[in-house]
Amino acid sequence: MPKNTKVTQREHSNEPVTESVADLLSLEHPMDYKSSQMSMGLSPGSTAPVKALIPSPDPDAEDGRPAWNNKLEYILAQVGFSVGLGNVWRFPYLCQKNGGGAYLVPYFILLLLIGIPLFFLELAVGQRIRRGSIGVWNYVCPQLGGIGVSSLMVCGFVGLYYNVIIGWSIFYFFQSFQYPLPWAECPIQRNGSQAIVEPECEKSSATTYFWYRQTLNITSSIDDTGGLNWKMTLSLLVAWILVCLAVIKGIQSSGKVMYFSSLFPYVVLFCFLVRGLMLKGAVDGIAHMFTPKLEKMLEPQVWREAATQVFFALGLGFGGVIAFSSYNKRDNNCHFDATLVSIINFVTSILATLVVFAVLGFKANIMNEKCVVDNAEKILGFLNTGVLSKELIPPHINFSHLSAQDYTEMYGVIKTVKEDSFDQLGLDACVLEDELNKAVQGTGLAFIAFTEAMTHFPGSPFWSVMFFFMLINLGLGSMIGTMTGITTPILDAFKIRKEILCVACCIIAFLLGLLFVQRSGNYFVTMFDDYSAGLPLTVVVILENISVAWIYGTKRFMQDLEDMLGFRPYAFYYYMWRFVSPAVLVVLIISTVIEMAVSPAGYNAWVEGAERFHSYPPWALAMAYSLIVVAMLPLPLVFIVRHFNLISDGSNKLSVSYRKGMMKDISNLEEQDEQRFILSKKLSEAPSPMPAHRAYLGPGGTQEMTNTNYGTIVENDLWG
């Protein structure tokens with residue numbers, strides 16, 4: 001240690017010396033944190049370890065913070081949080097809509113540009129500071145501490161309606177234990193001796209009718225609440241009980257649950273893929289899926305939707321990623337974790353897409369064959385009544401064994417000859433491509449299209465049970481991450497038993513979630529999905545990026561990463577965090593605002609057996625926009641109260657493990673000096689939550705870049 005430091009002066013002088021964190025860390029020569037005397041507990045100039053003030057060899061274990069039992073539990077937790085229902089019912093839809101295989105190109109590019117870098121950033125800050133989202137951003141930049149509060153608010157909104165979807169899956173799961181499946185056929189109404197098909201079902205389809213009428217019992221507009229749907233209320237209660245049991249012990253319980261909830265969906269997906277490839281028409285669906293429409297890559301909308309999907313697929317901004325990583329050891333290789341989880345997420349999306357389009361290809365062939373049979377019967381009727389001449393029918397066509405190709409040929413001849421009166425015949429073209437082009441997503445894919453396809457599977461109840469059990473596990477993995485993003489910041493800030501907090505959160509969430517299990521509840525699910533998360537989360541993530549890259553400093557952050565990981569991250573991340581990712585996020589925010597302004601605000605209502613678009617009434621529109629305002633309100637509020645010193649920012653409440661690490665470094669100081677060292681009120685003595693131990697040499701590694709004092713960023717309000 002240099003002789004002119006204040007700690008050394010104290011050893012040779014009786015004069016009082018005021019020590020500070022800044023003084024202790026401002027060594028004249030760069031130090032390697034991994035091998036430094038501070039890290040190893042060595043006295044200056046010695047090679048043998050000495051007894052530290054706090055004897056525990058593991059500073060990460062000293063703060064009493066829970067830790068993952070092993071690395072596998074942690075990876076499974078991150079995978080379970082990031083891989084969710086969106087991989088199954090959102091990604092395949094976007095592929096189909098945006099050029100098939102061509103969509104994978106912009107998606108993968110944006111995964112590299114914003115997905116992995118921002119995921120790495122969240123993992124790193126959580127692991128370094130060992131706090132939830134609120135604590136992390138209070139440390140990095142107190143005036144932007146509202147970032148953590150906003151992410152907690154969004155987690156709350158999303159958790160409310162996301163668990164309703166798990167409730168729907170639970171209902172379908174239990175309904176699957178019967179043969180035939182209850183949505184396989186339309187119900188029959190008996191009027192005396194007559195038996196007629198339910199008109200509403202006949203107008204739509206058996207699966208659509210079961211979803212809207214027998215499951216949701218939905219009203220025809222959002223204005224008509226219709227009262228509670230008791231079946232969905234019970235399902236929601238079961239869903240919240242499952243979530244509560246999974247998170248009640250924190251990561252000690254959720255880590256065990258993840259072994260099953262994260263791995264089981266892959267077993268089901270592989271089973272469905274093998275079974276799907278054996279079905280007639282599966283190859284048609286997969287070929288349609290991956291036939292690239294390269295011209296689509298030139299459309300800005302494709303890139304915007306790819307960026308949005310990357311953004312939400314990894315769970316950025318929710319706080320769950322930060323919360324999970326905060327239970328890691330400081331030297332965990334979070335760069336490897338970020339890359340691994342991102343790749344697993346991408347591969348899972350591809351696997352789910354293969355499964356979905358193999359099954360939808362089978363369904364398209366079934367529906368096309370049905371179309372051919374129905375229209376062939378119409379043609380036979382026209383032939384028998386003399387509307388059509390039998391000479392129009394090619395001689396090789398056999399109506400008892402009519403193929404799709406034969407029907408297409410016959411359809412073309414009739415259309416050419418009867419050009420003037422063809423529309424009056426009411427014949428359909430029955431083109432397989434048209435069936436494959438019918439894009440479905442979200443609940444329409446899971447609860448209507450996929451369920452209809454499974455009714456044609458041999459042993460359909462088994463496959464239905466497997467499918468909805470997979471959806472329950474996918475949703476449960478995401479809900480565990482969402483709940484952790486809520487409970488971890490609260491537990492960090494208040495001394496509350498985690499069991500009491502988890503039970504209280506689940507009870508409150510269930511009561512608030514009753515909004516979504518009214519007969520009109522599906523319309524509110526749509527509203528929350530469209531408005532509560534999209535724009536607020538994008539703003540949260542760009543502020544996270546800016547606070548680290550431009551306020552805390554990319555150079556300083558890269559140096560912290562080098563000290564923490566033991567190696568210097570690639571210069572690629574320096575440029576991504578500082579320039580590319582913020583630029584992409586700004587474009588994404590602008591395009592989202594434009595889309596919200598241009599697109600009509602409304603929902604698809606179920607009216608007399610068909611979906612019809614309805615605009616939101618004024619009160620519902622006000623509610624939708626208030627979701628955005630409430631989620632983003634903490635950002636300006638916290639900035640104002642911190643900027644004008646209206647409340648303490650709490651930044652002097654250092655991470656316990658970090659504080660004890662500092663206490664080790666000054667083990668030769670007396671107790672009163674230690675307290676003054678940690679709690680010094682002087683601005684220049686303010687400790688950084690990410691201490692710098694070595695000068696970072698920039699992306700090129702040739703020119704030393706100096707760090708700025710954290711105190712100059714937060715000004716005089718740092719210590720309240």
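Helix α9 (residues 146–175) has 30 residues and reaches 44 Å from its first C-alpha to its last, close to the 44 Å expected at 1.5 Å a residue; the expected span is 1.5 Å times one less than the number of residues. This is a predicted model, in which local features need pLDDT of at least 70 and side-chain atom pairs count only at pLDDT 80 or more, while totals for chains, interfaces and linings use all residues. Residues are numbered from 1 along each chain as its sequence is written, and side-chain values use heavy atoms, with hydrogens and water left out. Helices are DSSP runs (H or I, at least four residues), numbered from the N terminus.

**Helices with kinks**
- Helix α9 has a kink of about 25° centred on Gly-159, the bend at a residue being the angle between axes fitted to the seven residues ending there and the seven starting there.
- Because 25 of its 30 residues are buried, α9 is largely enclosed by the rest of the structure; buried means under 20% relative accessible area, exposed over 50% and partly exposed in between, with a 1.4 Å probe and protein chains only.
- Helix α26 (residues 571–598) has 28 residues that should span 40 Å at 1.5 Å a residue, which agrees with the 39 Å between its end C-alpha atoms, and a kink of about 50° in α26 is centred on Trp-577.

- Phe-450 lies in helix α21 (residues 442–454) and is buried, with a relative accessible area of 3%.
- Leaving aside neighbours within four places in sequence, Phe-450 is in contact (heavy atoms within 4.5 Å) with Phe-272, Val-355, Val-356, Val-359, Leu-445 and Phe-467.
- The C-alpha atoms of Phe-450 and Leu-360 are separated by 7.3 Å, although these residues are 90 apart along the chain.
- Phe-272 is also among the buried residues of α14, which include Tyr-266, Leu-269 and Arg-275, and the buried residues of α14 pack against α4 (71–82), α13 (251–261), α15 (282–290), α18 (334–385), α21 and α22 (460–493).

**Packing of α18 and α19**
- Helix α18 packs with helix α19 (residues 404–417) at an angle of about 45°, with their axes 10 Å apart; axes are lines fitted to C-alpha atoms, for helices over the stretch in contact, and angles run from 0 to 180 degrees between N-to-C directions.
- The two helices, α18 and α19, are therefore oblique to each other, a term for angles that are not under 35 degrees (roughly parallel), over 145 (roughly antiparallel) or 65 to 115 (roughly perpendicular).
- Asn-368, Val-372, Asn-375, Ala-376 and Ile-379 in α18 meet Ala-404, Tyr-407, Met-410 and Ile-414 in α19.
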